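Visitor: I'm new to this and would like a friendly walk through a protein model. Could you show it to me and take my questions as we go?

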Amino acid sequence: MSDIRIELAKTLKEKPTDESKLGFGHIFTDHMFVMNYDTGEGWHDARIVPFDDVSLSPAAMCLHYGQEIFEGLKAYRTADGTVQLFRPDENYKRMNVSAERMVIPKIDEEFMIEATKKLVEVEEEWVPHSDGASLYIRPFIFATDPYVGVRPADHYLFLIILSPSGAYYSTGLNPVKIYVEQKYVRAVRGGTGFAKTAANYAISLKGQDEAHEQDYEQVLWLDGVEQKYIEEVGSMNIFFVIDGEVITPELTGSVLPGITRKSALEVCRSKGIKATERRITIEEVAKAYDEGKLDEVFGTGTAAVISPVGHLKWGDKIMTINNNEIGPISQMLYDTMTGIQWGKIPDEFGWTVKIK
Ligand SMILES: *Cc1c(COP(=O)(O)O)cnc(C)c1O
């Protein structure tokens, strides 16, 4: 793998002055990381160049058959002004798991971490300063061969783009409203549910769209075979606190193995809270609710970290969780993980990586 060539932009964009209006995913920084893959040559020509459009053949294979994978992580500015990443090794390990499933050539994980650090270092000024805001990092790989036939491609691009994003909870940790999806499914055993690939999102849009029409924010996906076992929320993993025990669906191949999920389990266990990964049905959750044992429900993901669920609908049954307020375990996890990410509490797990 080659060194990283750096070509700086001649003019820089104006940085947003009001960080409370950053939102998510609209604004991109001055530079991006790019690397090519060509069969025979492997991955080559790693470079940081001015952020610009990508030129593709209309026949580019990614546009027709969706051979694409991505990751999502963040850079955080700590109180002492340094910038750090959260478990980037986990993101790039998962990137290669996704690559394997989608027949995309793998990239050395250490190299991807180095490329990310280098790009964030170049764009350090873009890392927001305000509480809760961060620089979102989006690495992705897609097939570029100009060929309208079905086979794994011979040519790929690996890009990393950066987007300053605002505090997820500008108005406090408001619980979300979700319903149990009973019509559509997101993933099946043997499919691509565990891979971070565009296809999983394309499939989920219809359910998401219908949920929005009914004034719900997200849907809770059930397993694709029996529509009985709980899987995840589609961009978040899901957790239930039943009778004091923290439970999340086990990784059966159709659930995305979230890094926030993994971290939440590790934080719970380090504090002596029983945290279990197992199959869990929607019936079991409803029964626990009826018995007054469903203490908390929350989603986990890089964007929101912890997203309490206040309202969970299953058919005609509406469950109001913890009085539509954030519960103690959700709050503890949120405080611990954001505390580590923004350097407010010591990182006893060794999860953070300084960019320089
Ligand atoms: C990225 C993602 C998650 C959350 O993963 P994190 O690593 O915690 O951000 C959950 N579900 C799906 C489908 C995802 O793509």
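Guide: Let's start with a word we'll need: buried means under 20% relative accessible area, exposed means over 50%, and partly exposed is in between. Keep in mind as well that this is a predicted model.

Visitor: What is the phi of R87 near?
Guide: Here's some background: most residues other than glycine have a negative phi. R87 is a residue other than glycine, yet its phi is positive. The value for R87 is near 50°.

Visitor: Which loop holds Q227, and what is its relative accessible area?
Guide: Q227 also has a positive phi, about 50°, although it is not a glycine. You'll find Q227 in the loop between strand 10 (218-222) and strand 11 (230-232). Q227 is partly exposed, because its relative accessible area falls between the cut-offs, at 27%.

Visitor: Let's zoom out. Into which domains is the protein divided, and what distance separates their centres?
Guide: The protein is divided into domain 1, covering 5-165, and domain 2, covering 176-341. Taken over C-alpha atoms, the centres of domain 1 and domain 2 are separated by 27 Å.

Visitor: How many residues of each domain are in contact, and what area is buried between them?
Guide: On the domain 1 side, 21 residues are in contact with 20 residues of domain 2. The size of an interface is often given as the accessible area lost when the parts come together. Carbon and sulfur atoms give 58% of the area buried between domain 1 and domain 2, and that area is about 1800 Å².

Visitor: Which residues in domain 1 lose the most area to domain 2?
Guide: Three residues lead on that side, and together they make up 33% of what domain 1 buries. They are F86, R94 and R101.

Visitor: How many salt bridges are there between domain 1 and domain 2?
Guide: A salt bridge needs a side-chain nitrogen of Lys or Arg within 4 Å of a carboxyl oxygen of Asp or Glu. Applied between domain 1 and domain 2, the count is two salt bridges.

Visitor: And what is the distance between the closest N and O atoms of E90 and K262?
Guide: The cut-off for a salt bridge is 4 Å. E90 and K262 do form a salt bridge, with their closest N and O atoms separated by 3.0 Å.

Visitor: Now the rings. Why is the pair of W43 and F158 edge-to-face?
Guide: A search of the whole structure finds 14 aromatic pairs. For W43 and F158, the ring centres are 6.3 Å apart, and the pair is edge-to-face because the planes are at 75°. W43 sits in strand 3 (residues 42-50) and F158 in strand 8 (residues 155-165), so to speak a link between distant parts of the chain, 115 residues apart. As for the cut-off, edge-to-face asks for planes over 60 degrees apart.

Visitor: Which residues form one aromatic cluster with W43 and F158?
Guide: W43 counts as buried at 10% relative accessibility, and F158 is buried at 0%. The cluster that includes them also has F33, Y37, F111 and Y156.

Visitor: Is the pair of F239 and F298 stacked or edge-to-face?
Guide: The ring centres of F239 and F298 are 5.0 Å apart. F239 is in strand 12 (residues 237-242) and F298 in strand 15 (residues 294-301), so the pair ties together parts 59 residues apart in sequence. Their planes are at 10°, so the pair is stacked.

Visitor: Where does T300 lie, and what does it touch?
Guide: T300 is in strand 15, and at 1% relative accessibility it counts as buried. Leaving out residues up to four places away in sequence, T300 touches M236, N237, F239, T260, R261, A264, V305 and I306.

Visitor: Last one: which ring does the charged end of K177 sit over?
Guide: There is a lysine over a ring elsewhere too, with K313 over the face of Y179 at 5.8 Å from the ring centre. The charged end of K177 is 4.7 Å from the centre of its ring, which belongs to Y216.

Conventions: Residues numbered from 1 in each chain as written. Predicted model: local features only at pLDDT ≥ 70, side-chain atom pairs only at ≥ 80, totals over all residues. Heavy atoms only, no water. Phe/Tyr/Trp six-rings, centres within 6.5 Å; stacked < 30°, edge-to-face > 60°. Helix = DSSP H or I, 4+ residues; strand = E, 2+ residues; numbered from the N terminus. Buried < 20%, exposed > 50% of the residue type's maximum accessible area, 1.4 Å probe, protein only. Lys NZ or Arg CZ within 6 Å of the ring centre and 35° of its normal. Domains from an automatic or database assignment. Contact = heavy atoms within 4.5 Å. Buried area = accessible area lost by both parts, 1.4 Å probe.
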